[in-house]
Amino acid sequence: MDNFQTISWIFLAAALATNTRPTNIDGISSVADGINHAIPTQKELQNSITWLIKQGLILKQNKNYQLTSKGKIEYEKASKNTKVLMSIRKNIEINLKFYTNN
């Protein structure tokens, strides 16, 4: 996986894991495993979450994470016309690449 594939995977996991309430890193990792049938490494989690926080898409409060309003909009945009997780992840990947150009 390249960098944006990993970030989009972790963002999707965070979106699903925090759907009803904030969650910790273990909650995000568990959902990521369910999506990709692979447990993300600590480095993948840290790098992705750090990037997502810097972009204003995820918020960390104490040990828990949740999507910001901006993050929720990105997730809704990516999942607008599909319920297939891999399609949503691909849409997220495409959308997140625009953040590097701004």
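Q: Which residues line the largest pocket?
A: They are A15, L16, T18, N19, R21, P22, Q66, L67, K72, Y75 and E76. Each counts as lining because it has an atom within 4 Å of a pocket point, a pocket being an open set of points on a 1 Å grid over the protein atoms alone, where a 1.4 Å probe fits, with protein on both sides within 12 Å along at least five of seven lines. The model is predicted, so local features need pLDDT of at least 70 and side-chain atom pairs count only at pLDDT 80 or more, while totals for chains, interfaces and linings use all residues. Residues are numbered from 1 along each chain as its sequence is written, and side-chain values use heavy atoms, leaving out hydrogens and water.

Q: Which element gives the most to that lining?
A: That's α4, with three residues. The elements giving two or more are α1 (3–17), β2 (64–67) and α4 (69–78); these are DSSP runs numbered from the N terminus (helices: H or I, at least four residues; strands: E, at least two). About 220 Å³ of space lies in this pocket.

Q: Why is the pair of F4 and W51 called edge-to-face?
A: Two rings of Phe, Tyr or Trp (its six-membered ring) pair if their centres lie within 6.5 Å, and planes over 60 degrees apart count as edge-to-face. For F4 and W51 the centres are 5.7 Å apart and the planes stand at 90°, so edge-to-face it is. F4 lies in α1 and W51 in α3, so the pair ties together parts 47 residues apart in sequence. The whole structure has two aromatic pairs.

Technical notes. Points joined across faces, edges and corners; volume = space filled by probe spheres on them. Phe/Tyr/Trp six-rings, centres within 6.5 Å; stacked < 30°, edge-to-face > 60°.
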